[in-house]
Amino acid sequence: MRLRRNTVAEICFFTVILFIPALAPAQQTKSASGTSVEVVVGVEPKHGNEVPTITEQDVIVSQGRDRRQVTGWVPAAEDRAGLALAILIDDGAGISFGSQMEDIRAFIQKQAPATLVAVGYMQHGTVFMAHDFTRDHAAAAKSLRLPMAFAGADASPYLSLNDFIKKWPANPAIARREVLMITNGIDTLYGGGYQDPYVDETIKNAQCAGIVVFSIYTPAAGHLGHSYWRINWGQNYLSQLSEETGGESYYFLGPQAPVSFGPYLNEMTRQLGHQFLLTFVAKTQQKAGTESVKVSTEIRDVDLLAQDKVCVPASAE
């Protein structure tokens with residue numbers, strides 16, 4: 001028992017040291033015609049695996065009924081490939097998670113050498129770091145452990161993610177900050193139904209920070225692992241979170257555990273390899289807040305995945 005308390009205390013200490021509290025907004029620059037905003041956009045073919053060439057002139061950004069000026073469209077590659085990827089695991093996950101650990105370790109070690117990877121466990125509305133961001137992918141993979149699966153660990157994964165986002169400082173040298181969230185998605189603090197205020201707040205903060213969230217469902221330990229009503233809402237919330245931040249949510253086959261995370265992790269690796277950095281001029285309003293945007297293209301047989309809102313400051317007028 002003493003060993004466990006010491007371990008948690010050490011994790012808490014390193015969490016405080018390694019994360020400087022700061023909610024970093026997506027990159028913004030004010031101009032006379034609006035605010036320049038940069039977001040991450042995924043390019044996904046509708047059929048097959050071949051991604052067509054898309055130029056800056058092919059990208060359409062709409063804010064309400066207005067088409068906004070696109071000022072940049074560059075592949076997230078070479079000197080712009082910077083990626084910090086946080087793998088956040090629900091500490092209330094059930095025993096089936098153990099069979100997925102080798103797939104997750106393989107996924108971590110397949111990341112590009114320059115990619116920073118961190119591993120953390122979500123519980124009690126915060127994240128306890130198993131390994132901070134590192135380019136030593138073998139060390140990050142080794143830090144994986146079985147979830148504790150005790151009561152209360154899975155109170156709300158959205159509070160945990162929100163806390164993590166607020167403490168994740170931006171780094172101009174790293175253009176992409178992305179999360180893989182492995183959880184049942186159930187918010188026991190709210191229950192179920194639209195709109196969950198904890199989910200909505202987390203989405204807003206992720207959008208303002210320019211953070212893309214991917215998610216994979218895994219069952220909870222105990223009763224929540226077979227409560228179909230709660231599981232249904234949990235999977236809906238995960239889909240909403242990923243969709244509205246420009247990511248992808250995997251697995252919608254009911255309450256049972258996925259046979260393997262492998263196909264989903266392979267798909268995510270492919271998606272990370274087809275991302276672009278889009279810069280456009282967002283129109284400001286009298287009050288600061290989030291503005292709905294739509295990123296699209298007239299190129300056939302391809303979808304563009306991007307957050308559906310951006311944060312803009314108040315106009316100077």
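Which strand does β13 pair with in the antiparallel sense over 4 bridges? Strand β15, residues 309–312.

Some ground rules. This is a predicted model, in which local features need pLDDT of at least 70 and side-chain atom pairs count only at pLDDT 80 or more, while totals for chains, interfaces and linings use all residues. Residues are numbered from 1 along each chain as its sequence is written, and side-chain values use heavy atoms, with hydrogens and water left out.

Helices (H or I, at least four residues) and strands (E, at least two) are DSSP runs, numbered from the N terminus. Two strands pair if DSSP finds at least two bridges between them.

In the pairing with β15, Thr290 has Cys311 as its bridge partner.

Next, β2, residues 34–45. All 12 of its 12 residues are buried; buried means under 20% relative accessible area, exposed over 50%, partly exposed in between, with a 1.4 Å probe and protein chains only. β2 pairs antiparallel with β12, residues 275–282, over 8 bridges. Val37 finds its partner in Phe280. β2 also pairs antiparallel with β14, residues 302–305, over 4 bridges. Here Glu44 stands opposite Asp303.

Now the open sheet. It has 6 strands, ordered β8-β7-β6-β9-β10-β11, with mixed pairing. β8 (126–134) and β11 (249–250) are the edge strands, each pairing on one side only. β10 and β11 run parallel, joined by 2 bridges. Ser215 is partnered by Ser249 in β11.

What packs on this sheet, touching β6, β9, β10 and β11? Helix α7 does, and its direction makes about 165° with that of β10. Axes are lines fitted to C-alpha atoms, for helices over the stretch in contact, and angles run from 0 to 180 degrees between N-to-C directions. Contact means heavy atoms within 4.5 Å. Helix α4, residues 157–166, lies across β6, β7, β8, β9 and β10, at about 45° to β8.

α7 also packs against α2. The angle is about 15°, and the axes are 9 Å apart. The two helices are therefore roughly parallel; that label covers angles under 35 degrees, with over 145 roughly antiparallel, 65 to 115 roughly perpendicular and the rest oblique. From α2, the contact uses Asp103, Ile104 and Phe107; from α7, Gly262, Leu265, Met268 and Thr269.

On to the interior. A nonpolar core is a set of buried Ala, Val, Leu, Ile, Met, Phe, Trp, Tyr and Cys residues joined through side-chain atoms within 4.5 Å. The largest has 29 residues, and Ile108 and Leu180 have the most contacts inside it. Elements supplying at least two residues each include α2 (101–109), β9 (176–183) and α7 (262–272). A second, separate core of 27 residues includes Leu116, Met129, Val179 and Ala209.

Look at Leu180. Beyond four places in sequence, its contacts include Leu85, Ile87, Phe107, Phe214, Ile216, Leu265 and Met268.

Last stop: Ile216, in strand β10. Is Ile216 buried or exposed? Buried, because its relative accessibility is 0%. Past its neighbours within four places in sequence, Ile216 touches Leu180, Met181, Tyr250, Phe261 and Leu265, among others. Ile216 and Ser249 are 33 residues apart in sequence, yet 6.0 Å apart in space, C-alpha to C-alpha.
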